[in-house]
Amino acid sequence: MADFNYNPVTAQAHANIALIKYWGKRSVDLNLPAVGSISLTLDALKTTTTLQFDENLNEDELQLDYRKVTGKPLDRVTEFLDIAAETSNRPRAKIVTKNSFPTGAGLASSASGFAALAVAADKALNLNHSKEELSRLARKGSGSAARSIYGGFAEMKCGSSFDDDKDDYAIPLHDESHWDLRLLIAVTSTDKKDVGSTEGMVRTAKTSSFYQGWVENQQADLEEMRSALHAKNFEKVGELTEHSCFKMHGLAMSGRPPLLYWNAATTETIHTVWNLRKKGIAAFVTIDAGPQVKILCQPDRAELIKQAVLSVNGVKNIIETKPGPEASIVQS
Ligand code: 2P0
């Protein structure tokens with residue numbers, strides 16, 4: 001039985017963008033990825049979470065951005081705390097969480113959210129987990145959260161067992177001081193997506209004839225990206241980032257029924273970035289399970305690219321981010 005600390009604990013974590021994408025699970029029950037992935041943690045997208053166990057509560061209480069949350073998101077948090085405490089027979093908790101960015105806008109709030117909650121739970125349960133254990137725990141909340149335990153660049157490992165997760169956790173590649181890059185997020189819609197990532201991944205694995213090829217080729221992309229990041233080869237990192245993005249989306253589109261996360265402004269933004277590239281401006285796109293376009297560039301090109309992309313019909317705003325720090329305790 002965990003050793004409960006009844007003081008409030010506040011933790012923070014930053015969202016991340018996958019440069020080499022995760023798509024597909026080898027176990028949905030254990031939330032085990034089918035492929036490894038490589039990500040960049042983002043400074044501007046931060047979640048701050050305060051967790052406090054309270055013996056007087058009958059159920060967990062969740063507040064997100066000043067609003068009480070019930071239903072599925074609360075169930076997911078309750079389940080996660082049961083896993084962290086290794087028992088459902090535990091004191092209930094109050095969880096107050098705030099994002100520095102709009103929730104549900106396709107900006108990976110589950111990654112920063114579950115990474116922050118894993119770090120807060122570790123402290124509130126006096127678990128003293130290693131980084132590897134914290135990452136494994138965050139993964140149980142959301143696959144991409146495993147990477148948000150680290151700052152800078154991280155790699156999510158993919159094990160081979162179908163019934164244990166001993167090899168499924170992220171490791172740090174380089175911290176945020178390794179390389180000064182920019183990631184511009186062109187927000188094209190704030191509507192809730194129709195098909196969530198988990199459902200999308202399951203559908204793809206079941207119905208796409210491209211799926212096996214996706215899984216088999218991932219290792220080569222991971223190896224190339226590791227070397228390119230180490231060498232700070234921007235053109236190579238950019239090319240690999242776009243390749244993994246379009247491979248993932250091609251895969252999603254090849255499912256039955258097809259999954260297309262893009263809107264018209266998404267496509268228009270891709271072409272705008274490619275046109276800039278034809279003019280010699282190094283910029284590369286990546287897109288997650290939503291319609292926002294993320295543009296990887298170097299700091300001295302950020303302003304010019306921002307202005308060009310802001311003129312695209314349907315682009316609502318642009319969030320500028322750079323490599324961000326690891327997840328941490330803010331107060332306890
Ligand atoms: C990624 N995505 O690597 C990929 C690329 C979206 C597209 O990880 O089901 O919310 O909670 O493990 O982490 C989004 O999926 O999925 C995601 P679950 P998650 O960032």
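In helix H1, the residues Val77, Phe80, Leu81, Ala84 and Ala85 are buried. Seen down the axis of H1, these buried residues fall within an arc of 125°, so they line one face of the helix. The model is a predicted one. Its domain assignment gives domain 1 (9-179) and domain 2 (182-321), and the shell around the ligand draws at least three residues from each of them.

**Helix H1 and its surroundings**

- Helix H1 covers residues 72-85, 14 residues in total. From its first C-alpha to its last it reaches 20 Å, close to the 20 Å expected at 1.5 Å a residue.
- Lys72 and Asp75, on the other side of H1, are exposed.
- The packing partners of the buried H1 residues are two strands, E5 (61-64) and E7 (92-99), and two helices, H2 (109-124) and H3 (131-141).

**Alanine 2**

- Alanine 2 belongs to the segment before E1. It counts as partly exposed because it has 17 C-beta neighbours inside 10 Å, whereas a buried residue needs 20 or more and an exposed one has 12 or fewer.
- Apart from neighbours within four places in sequence, the contacts of alanine 2 are Ala85, Glu86, Leu125 and Leu127.
- Alanine 2 and asparagine 126 are 124 residues apart along the chain, yet a distance of 7.3 Å separates their C-alpha atoms.

**Contact between the domains**

- A distance of 23 Å separates the C-alpha centres of domain 1 and domain 2.
- Domain 1 contributes 28 residues to the contact, and domain 2 contributes 36 residues.
- On the side of domain 1 that touches domain 2, at least two residues come from each of strand E1 (9-20), strand E4 (37-54) and strand E9 (170-174). E4 provides the largest share of that side, with six residues.
- The side of domain 1 that touches domain 2 comprises 20 nonpolar, five polar and three charged residues.

**Ligand shell**

- The ligand is surrounded by 14 residues, of which Ala18, Tyr22, Gly143, Ser144 and Ser197 are the closest.
- By class, the shell around the ligand holds four nonpolar, eight polar and two charged residues.

Terms used: Residues numbered from 1 in each chain as written. Predicted model: local features only at pLDDT ≥ 70, side-chain atom pairs only at ≥ 80, totals over all residues. Helix = DSSP H or I, 4+ residues; strand = E, 2+ residues; numbered from the N terminus. Expected span 1.5 Å × (residues − 1). Arc of directions from axis to C-beta. Contact = placed C-beta atoms within 7 Å. Near = placed C-beta within 6 Å. Nonpolar A, V, L, I, M, F, W, Y, C, P; charged D, E, K, R; others polar. Domains from an automatic or database assignment.
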